[in-house]
Amino acid sequence: MPALVLLGAQWGDEGKGKATDLLGGSVDYVVRYQGGNNAGHTVVVGDQKYALHLLPSGILSPGCTPVIGNGVVVDPSVLLSELSGLDERGVDTSKLLISGNAHLITPYHTTLDKVSERFLGKRKIGTTGRGIGPAYADKINRVGIRVQDLFDESILRQKVEAALDNKNQVLAKLYNRRAIAADQVVEELLGYADPLSGYVADTTLLLNNAIDQGQVVLFEGGQGTLLDVDHGTYPFVTSSNPTAGGACTGTGVGPTKINRVIGILKAYTTRVGAGPFPTELLDDDGEKLRTIGGERGVTTGRDRRCGWFDAVIARYATRVNGLTDFFLTKLDVLTGWERIPVCVAYEIDGKRVEELPYSQTDFHHAKPIYETLPGWSEDITRAKTFDELPKNAQKYVQALEEMSGAPISAIGVGPGRDETIQINSFL
Ligand code: GDP
Ligand code: IMO
Ligand code: MG
């Protein structure tokens, strides 16, 4: 089983960090393939809690090599501070590898992200303000700066000047902001060359060789399926492809080499930022999910919007990612509800709809059709096997599996590594 993808099946924050960390001990490489430090992955190891943004969660597993693939956008200042934070806590970060083709987030990307959101007013996306969208826009527009450019001052200067020629006009004339001096940006970026030089590698070659030699490679997605720029709830999405295909373009590994695609699926639903969310709860139940589930953003500290499980979304994630398995997380959060509603379909303009509508207007009008399942009150955090779960918790999992279209191979019953029920092995 040489290569597998682990990705978010909903709107992010499904527990990907924990799931990746759990597998980290048994894989040779953990590779981030898209996104940047908009991600916030919490990993709990024993009594230690780590918040990772840009680094792959595999960095916490001593035998594993963490890789930042070409599809990631890298803010070098964030990267270095995350590395030094882990170094201070005794985590060995020396094995990290970074693709020279990954694009950089520069100070002007972060500025543009913030001012353009402010400019949108009520129509804002609610981005993390980390410069993700502007950095990807430059990549597609062929005016981006790549990690490898840090090592050639003259090319770096030319590229930064070319990018700023245009951006300074926009900043000054459209957003009424001061222009950014190219010299200052170049100087800052050159300062990252030395500390990063030891990490940069031809990660595409290395990962393909590793897979050919039978080593195990895990591709770790950031964000989630419904935040995908192609398959998500556009325009309320991030600017990359968290879906399975992103693992190929974001690393240079072909689809024929990937054997398994695991969707991380929360037992209920959350979303951060703006955009449609059919099962959102604006009542006491929503508040209860937020409190018990600790649903507060790791990156921005924003409260997450909360709602019941949505099987239409889970089925969609199975389809667009070709999921082979689900890892159901946070089942323990649902303990104590007498009855638990699950959205099985939508009502759109009076009609029952079983699949996610492609039309943005239809999705905005979708009303959830619920089936209600009986809850349980027993503490499940110590359950180690499926049989140890209360009967109603078993029925809840089985119902979700039937509705979602792929087997649930693991269940999270708490944030810790060992608070997991493994039903089928992932490797
Ligand atoms: P990610 O962005 O997908 O990695 O998820 P986050 O780390 O942003 O949010 C998931 C939160 O749920 C983190 O605080 C995890 O420690 C926590 N978590 C993960 N799995 C479980 C679980 O099965 N039960 C509980 N109670 N918490 C979990
Ligand atoms: P993890 O990896 C949840 C959301 C933002 C915003 C939209 C666009 O922790 O699951 P961006 O800054 O990416 O341009 O913002 O995407 N978003 C996330 N929501 N979890 C994340 O990452 C997210 N990363 C971005 O809130 O709505
Ligand atoms: Mg998160």
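**Figure 1. S240 and its surroundings in the predicted model.** Not counting residues up to four places away in sequence, S240 touches Q34, G35, Y136, Q223, L227, D228 and V229. This is a predicted model. S240 has its place in the loop between β10 (217-220) and α8 (244-249). With a relative accessible area of 4%, S240 is buried, because buried means under 20%. One of the residues it touches is D228. S240 and D228 are 12 residues apart along the chain, and their C-alpha atoms are separated by 6.1 Å.

**Figure 2. The cis peptide bond between Y234 and P235.** Omega of this bond is about 5°. P235 is found in the loop between β10 and α8. The loop between β10 and α8 is also the place of S240. Most peptide bonds are trans.

**Figure 3. T251 in the loop between α8 and β11 (260-266).** T251 counts as buried, at 1% relative accessibility. Its side chain reaches the backbone oxygen of A247 at 2.5 Å. Leaving aside neighbours within four places in sequence, T251 is in contact with V31, Y33, N70, T204, L207 and F219.

Figure 4. R142 follows the helix.

**Figure 5. R142, a residue with positive phi after α4.** R142 lies in the loop between α4 and α5. Its phi is near 65°, a positive value in a residue other than glycine. Most residues other than glycine have a negative phi. Is R142 buried or exposed? R142 is exposed, with a relative accessible area of 75%; the label applies because exposed means over 50%.

**Figure 6. K330 in the loop between β15 (325-329) and β16 (339-348).** K330 is not a glycine, and its phi is positive, near 60°. At 21% relative accessibility, K330 counts as partly exposed. The label follows because buried means under 20% and exposed over 50%, with partly exposed in between.

**Figure 7. T318 in helix α10.** The helix runs over residues 311-321. T318 is buried, with a relative accessible area of 13%. What does T318 contact, leaving aside its neighbours within four places in sequence? Its contacts are L323, F326, S404, G405 and A406.

**Figure 8. Ligand 1 and the residues around it.** Ligand 1 is surrounded by 19 residues. The closest are K16, G17, G40, T42 and D332. A polar side-chain atom of D13 lies 3.0 Å from an oxygen atom of the ligand. The side chain of D332 has an N or O atom 2.7 Å from a nitrogen atom of ligand 1. G414 uses its backbone: an N or O atom there lies 3.2 Å from a nitrogen atom of ligand 1. Taken alone, ligand 1 exposes 580 Å², and the protein buries 92% of that.

**Figure 9. The pocket and shell of ligand 1.** Which pocket holds ligand 1? Ligand 1 sits in the second largest pocket. Two or more residues of the shell come from each of α1 (16-24) and β3 (41-45). The largest share, three residues, comes from α1.

**Figure 10. Ligand 2 and its polar contacts.** How many residues surround ligand 2? There are 20, and the closest are D13, K16, T128, Q223 and T238. A polar side-chain atom of K16 lies 2.7 Å from an oxygen atom of ligand 2. An N or O atom in the side chain of N38 is 2.9 Å from an oxygen atom of the ligand. Q223 takes part through its backbone, with a polar atom 2.8 Å from an oxygen atom of ligand 2. Taken alone, ligand 2 exposes 550 Å²; the protein buries 97% of that.

Methods
Residues are numbered from 1 along each chain as its sequence is written. Chains are lettered from A and ligands numbered from 1 in the order in which they are written. This is a predicted model: local features need pLDDT of at least 70, side-chain atom pairs count only at pLDDT 80 or more; totals for chains, interfaces and linings use all residues. Side-chain values use heavy atoms; hydrogens and water are left out. Helices (H or I, at least four residues) and strands (E, at least two) are DSSP runs, numbered from the N terminus. Buried means under 20% relative accessible area, exposed over 50%, partly exposed in between (1.4 Å probe, protein chains only). Contact means heavy atoms within 4.5 Å. A residue is near a molecule or strand if one of its heavy atoms lies within 4 Å of it. A polar contact is a pair of N or O atoms within 3.5 Å; within protein, one must be able to donate a hydrogen and the other to accept it, and residues adjacent in sequence count only if both atoms are side-chain atoms. Accessible areas come from the Shrake-Rupley method with a 1.4 Å probe; for residues, only the protein chains shown count as cover. On a 1 Å grid over the protein atoms alone, a cavity is a set of points where a 1.4 Å probe fits but cannot get out, and a pocket is an open set with protein on both sides within 12 Å along at least five of seven lines; lining residues have an atom within 4 Å of a point. A molecule sits in a cavity or pocket if more than half of its atoms lie within 2 Å of its grid points.
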